[in-house]
Amino acid sequence: MNKKTIIYLHGGPGFDDYLESYFSILNDTFNCVFYSQKKGFDITIDELIEEIDVLVSKCEDKPILLGHSWGGVLALKYISLFKNKISGLILLNTGLNTKQWLKYRDMLKFYDLEDANPEDIFMTEKEKTNGRDFFENMSSTLSEETFDSLFKSFLADFDIINELSTITFPILNIFGEKDYRFPIEIPRSFKKFNADIIELEIKDSGHFPFILEENLDKICLTINKIFN
């Protein structure tokens, strides 16, 4: 029996891929496709959708999309256009409209983190101990012009959350209990739009729950259980 394919969409926009270092362990049970999204001063979401479509067209069977943060937006946007080409969706710490993307500003004020270092916002204390190098390496790949272009042309005014209600294939929604970037009430709200969504809440975890081995094991076990 052929292994199913998972296409991984990293966050940003404007970073290089950082998911392969962790999720390549799923290659035993899935065909895992990792790539770094196109960057550029005038990049548009349409170009990134075309990039995904090229990868999807190379798959023997309908693949699963896994999107972290911005990657979750990109995955659902692609599905809104090409739902018949996809067999499953895994959302990982994401927000699906502009209001949710800007919610973290209120969280930073509430927790007095407006002047905090980025790693203090995105990771718990335990995650910082294990993931400081990861965060520094990821941050060094950021293309600010790519982020600015996609924020102005798309993220500043978007809402695709209703697309969840049109999906009939399996959806797994993974989120960290202590994610300031997308506070827990945001991912929990997704079930209002699709009651069949399967939730995996990672306790005492921030925006990158997979950087701790015990959390990554839990995530991968759940992915195998639902999609295999």
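The lining of the largest pocket is made up, by class, of 16 nonpolar, 6 polar and 3 charged residues, where Ala, Val, Leu, Ile, Met, Phe, Trp, Tyr, Cys and Pro count as nonpolar, Asp, Glu, Lys and Arg as charged, and the others, Gly among them, as polar. The model is predicted, with local features needing pLDDT of at least 70 and side-chain atom pairs counting only at pLDDT 80 or more, while totals for chains, interfaces and linings use all residues. Residues are numbered from 1 along each chain as its sequence is written, and side-chain values use heavy atoms, with hydrogens and water left out.

**Pocket**

- The largest pocket has a volume of about 580 Å³, a volume being the space filled by probe spheres set on grid points that are joined across faces, edges and corners.
- A pocket is an open set of points on a 1 Å grid over the protein atoms alone, where a 1.4 Å probe fits, with protein on both sides within 12 Å along at least five of seven lines, and its lining residues have an atom within 4 Å of a point.
- Of the 25 residues that line the largest pocket, Gly12, Phe15, Phe122, Phe147 and Arg181 lie nearest its centre.
- Helices H4 (98–110), H5 (118–122), H6 (125–139) and H7 (144–153) each supply at least two residues of this lining, and the largest share, 5 residues, comes from H4; helices (H or I, at least four residues) and strands (E, at least two) are DSSP runs numbered from the N terminus.
- Ser149, placed in helix H7, counts as buried at 12% relative accessibility, given that buried means under 20% relative accessible area, exposed over 50% and partly exposed in between (1.4 Å probe, protein chains only).
- Leaving aside neighbours within four places in sequence, Ser149 is in contact (heavy atoms within 4.5 Å) with Gly40, Phe41, Asp42 and Ile43.

- Ile7 lies in strand E1 and is buried, with a relative accessible area of 0%; beyond four places in sequence, its contacts include Val33, Tyr35, Leu55 and Leu65.
- Ile7 and Phe34 are 27 residues apart in sequence and 6.3 Å apart in space, C-alpha to C-alpha.

**Aromatic pairs**

- The count comes to 19 aromatic pairs, in which rings of Phe, Tyr and Trp (its six-membered ring) have centres within 6.5 Å, planes under 30 degrees apart counting as stacked, over 60 as edge-to-face and the rest as tilted.
- The Tyr18 and Phe210 rings are stacked, because their centres are 6.4 Å apart and their planes are at 10°.
- Since Tyr18 lies in the loop between E1 and helix H1 (20–23) and Phe210 in the loop between strand E6 (198–202) and helix H9 (213–227), the pair ties together parts that are 192 residues apart in sequence.
- Tyr18 is buried at a relative accessible area of 6%, and Phe210 is buried at 0%.
- Phe208 and Phe210 form an edge-to-face pair, 6.1 Å centre to centre with 90° between the planes, and Phe208 is buried too.
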